[in-house]
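Here is a short report for a reader new to this structure. Please look at the sequence and the model before reading on.

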Amino acid sequence: MGITRWALAQLFSPPNLKRNETLRLTERIVAIAQIHSSIEHLSNGVRKLSTPEKQEAKSTPFGNTHNPAYSRIATSFSLSDFVHLSKIAASVALYAANRAKLVQLTSNVVLTASSVWLGRRNHLGSDGSDQVTFLVQAHLTIARLAHNRPRVADAALWAVALQLTLSYTASGWAKLSGELWRNDGAIRGIMRTRSYGHEGLWSLLGKYPVLNVLLSKSVLALECGFPIVYLAHGRLTRFLLSSTMAMHLGIAWTMGLGRFVTAFGSMYPALAYTATPRSLSEERRYDALPIAVSVTFVSAIGLLRLRAYSRSRHLDAAEAQKSSILIGDGQKLRYSSNAPGDPSAPVVICENGLLASDHYWHWLVQSLRSEATVVTYNRLLRTGGSLSDGPHVLESWEIEQSCANLVRLCEVVGSGKELILVGHSLGGYICRLVASRRPDLISGLVQVDPTHPSELSRSNLKRMGNDMMMPVMKATSRSVSCGLGDLIDVSHIFRTLPEPVAKEAAMYYRDPRTWSGGLREWDSALEHFADGTQEMFLDIPVAVLSAKHSAEVEPAVHEMHAELAAASAEGWLTVVEAVDHMSIVAGKVGAAAVSDSVREVLKYARKYPKALSEGL
Amino acid sequence: MFSEQERPGRLAEGSALVLLAVWITITAASQHPVGSFDRLRKLDPYSQWIPNWRFFAPNPGIHDVQVAVRMLLTDGSQTKWLSANEIKDRSWTDMFYAPNRRNDKKVSDLMAILVQQFPVESLSVIETQTSYYELRKLALKRVRQSLDEFGSIRGYQFALVKDPGYDDDEDIELVFLSRFEPFRGLVDGD
């Protein structure tokens with residue numbers, strides 16, 4: 001009992017490290033981690049993956065490989081190897097230099113600089129342990145460069161400790177957002193792999209599901225709850241660090257990731273130093289960094305929210321410039337159109353895909369503007385009676401509501417004229433519904449890589465894609481509502497649009513209304529698909545355009561598009577080369593194909609206006 | 001507030017504080033579970049300065065990535081699928097020393113990069129990517145190693161598959177199949 005009480009007392013007592021002790025301990029552990037990593041690099045085959053089979057003369061630091069004196073060594077020796085040897089030397093010096101400040105500083109600088117250089121060359125195949133050792137090394141360099149000024153040293157140690165806390169916390173919360181982790185399937189799933197798994201543990205976890213659940217929940221609890229280390233006056237430090245170290249040792253044994261033990265272990269002294277209350281410390285500790293981090297963090301959140309608000313106002317102002325029509329409940333639907341000069345010119349109304357904005361139609365508008373009135377709009381951005389009102393009524397994201405609004409738009413802008421509907425993706429589905437219900441209004445239809453109501457039941461890939469997409473959409477919607485829209489990377493989404501247009505499209509994409517509306521709209525669409533009673537046959541010319549890439553990835557898409565084309569009195573399918581689902585509308589090549597289809601549909605509608613309805 | 005002598009030191013302290021606070025904030029802002037929120041990571045394409053703490057999360061890898069290659073011989077026959085990246089069996093020494101893990105990780109990284117291109121790029125564009133080139137080199141290495149066994153080789157094809165490892169209840173899944181590539185001998189791939 002006495003020993004147990006003593007052990008518990010030790011486990012739950014706050015550690016008491018001094019600043020220099022912490023720095024030295026950190027340096028020694030990270031030096032071991034660096035040596036470990038470099039030895040593995042030197043002896044392995046990452047380099048050999050890229051080594052040509054043919055022996056050729058190569059230039060190396062030791063001279064040309066045809067030099068008989070060096071040929072055997074130099075053939076397989078590169079500059080990276082030389083840098084790794086330097087790292088080992090610097091690490092040994094760092095480990096040994098207890099008092100030599102210049103050696104400590106030089107070693108840290110050499111290790112940090114060489115890690116930066118090697119990071120670019122050995123990027124593929126690197127892992128979390130490499131990230132950690134670089135981070136620790138860089139912070140130690142900052143501490144030593146400031147000639148151990150106590151405020152800077154403490155800031156660097158606090159930074160290491162906070163990064164460690166962030167690493168466990170972020171890892172835990174990211175795991176919680178994954179279905180496999182929530183269902184306790186992740187650890188067993190990893191263990192079944194040969195590269196990171198362990199057959200014995202995989203079998204054991206399968207044989208004893210309770211053990212599997214316990215292990216899974218323990219990992220999540222430990223990682224997500226790690227920040228409490230700072231709430232218990234240092235009393236939980238040893239317990240939590242022992243627990244996380246046990247986790248790393250377990251990972252080392254089962255997954256072969258031994259480098260994580262020393263890498264993460266190198267951050268532990270900093271955590272132990274900073275988690276102990278200042279009142280228990282024998283020397284003065286400067287705790288300015290957590291305050292600085294809090295201020296920076298709050299300022300960053302504030303800035304993000306301000307930008308989100310400003311973006312929203314900008315969108316509302318842009319919408320207010322547009323023409324408008326009244327739809328149900330006193331709302332206004334705003335739209336843009338050009339004036340082609342000829343009042344009898346046909347009207348082309350463009351219906352966006354899910355989460356898309358009218359900016360996607362830029363190239364199509366440019367292409368058709370002289371020959372038709374091209375109407376574009378954002379069906380999710382409806383406004384109330386004035387600009388200062390709230391922009392939308394939440395319950396009206398139903399597909400039927402969107403169809404009704406499109407019919408209203410057709411009646412206002414297209415009545416008495418040749419009217420072609422062009423719909424992309426989900427917009428293609430909406431257009432088809434409207435065309436089937438109001439053939440009196442619509443002269444022709446162009447569906448661009450359209451959503452097919454049966455695609456989720458006929459395509460495993462589409463169904464899996466939808467299952468993966470829903471949680472992502474929900475998480476995105478929540479995050480964007482909190483003001484994090486600025487953190488979304490949109491560069492690859494709008495790369496085919498001109499820069500000013502892409503910028504506007506990005507604003508729309510980052511707006512919370514896009515995501516909350518899109519989520520509700522997609523939910524409604526799924527119910528609509530399931531209903532399965534929509535009339536798909538059309539008595540008007542229909543052009544269906546299929547992106548070559550969509551068909552390559554999922555051949556069933558091509559079949560479904562062909563069916564849509566065939567389900568009309570006169571329909572045809574065009575596969576557009578070198579485009580994907582987005583660039584078929586937002587790119588020049590895709591837009592040119594769509595324009596051509598619009599012209600073809602118009603031509604056919606003019607040539608045979610009655611023949612179709614008479615069922616020739 | 002500070003003397004002339006103190007100012008440089010205080011400036012260094014203040015700068016370090018700001019640098020470290022911003023560094024941590026940017027790192028925290030780059031840990032969103034949804035990958036599309038990684039805009040700030042463009043500042044650090046090699047993930048050195050902005051570490052990625054989302055280990056095995058939110059969706060851990062539960063498959064081995066295998067590069068398989070088969071060859072068409074000059075007599076018209078074809079070989080069965082051969083592995084181009086043997087995954088070594090786990091040993092207790094891997095706890096302390098496992099240089100081969102980086103190879104496995106590299107292949108996994110290459111496949112992840114390549115797969116990201118699939119929804120966006122066509123096959124002809126994918127074939128120009130560095131990740132495709134590196135995987136093709138791996139396949140070529142296997143082809144060259146097979147010369148002694150099979151003699152003259154006309155060409156080859158490689159595949160990326162997801163293998164469920166020790167779990168025999170699940171089939172392997174084909175992720176990517178290359179075109180038929182003619183083999184030009186030992187100079188091929190230089």
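## Basis of the model

This is a predicted model, in which local features need pLDDT of at least 70 and side-chain atom pairs count only at pLDDT 80 or more, while totals for chains, interfaces and linings use all residues. Residues are numbered from 1 along each chain as its sequence is written, chains are lettered from A and ligands numbered from 1 in the order in which they are written, and side-chain values use heavy atoms, with hydrogens and water left out.

## Chain A overall

Chain A holds 27 helices and ten strands. Helices (H or I, at least four residues) and strands (E, at least two) are DSSP runs, numbered from the N terminus. Of its 616 residues, 55% are buried. Buried means under 20% relative accessible area, exposed over 50%, and partly exposed in between, with a 1.4 Å probe and protein chains only.

The accessible surface of chain A is about 26,300 Å². Carbon and sulfur atoms account for 60% of that surface. Areas come from the Shrake-Rupley method with a 1.4 Å probe; for residues, only the protein chains shown count as cover. Take the contacts in chain A between residues at least 6 apart in sequence: 77% of them join residues at least 24 apart. Contact means heavy atoms within 4.5 Å.

## The sheet in chain A

Eight strands of chain A form an open sheet. Their order is 3-4-6-5-7-8-9-10, and the pairing is mixed. Strand 3 (323–326) and strand 10 (568–576) of chain A each have a single partner strand, so one side of each lacks a neighbour in the sheet. From one strand to the next, the twist averages 25°. Two strands pair if DSSP finds at least two bridges between them.

Strand 9 (residues 538–547) and strand 10 of chain A run parallel, joined by eight bridges. Leu545(A) has Thr574(A), in strand 10 of chain A, as its bridge partner. Axes are lines fitted to C-alpha atoms, for helices over the stretch in contact, and angles run from 0 to 180 degrees between N-to-C directions.

## Chain B overall

Chain B has five helices and five strands. From the N terminus, their order is α-β-β-α-α-α-α-β-β-β. Buried residues make up 48% of the 190 in chain B. The C-alpha atoms fill a box of roughly 90 × 35 × 35 Å along the principal axes.

Chain B exposes about 9,600 Å², with 56% supplied by carbon and sulfur atoms.

## Two residues of chain A

His36(A) sits in helix 2 (residues 19–43) of chain A. His36(A) is buried because its relative accessibility is 14%. Its side chain reaches the backbone oxygen of Phe96(B) at 2.6 Å. Beyond residues up to four places away in sequence, His36(A) touches Gly258(A), Arg259(A), Thr262(A), Phe96(B) and Tyr97(B).

Ala186(A) belongs to helix 10 (residues 186–191) of chain A. Its relative accessible area is 0%, so Ala186(A) is buried. Leaving aside neighbours within four places in sequence, Ala186(A) contacts Leu180(A), Trp181(A), Pro60(B) and Ile62(B).

Technical notes. A polar contact is a pair of N or O atoms within 3.5 Å; within protein, one must be able to donate a hydrogen and the other to accept it, and residues adjacent in sequence count only if both atoms are side-chain atoms.
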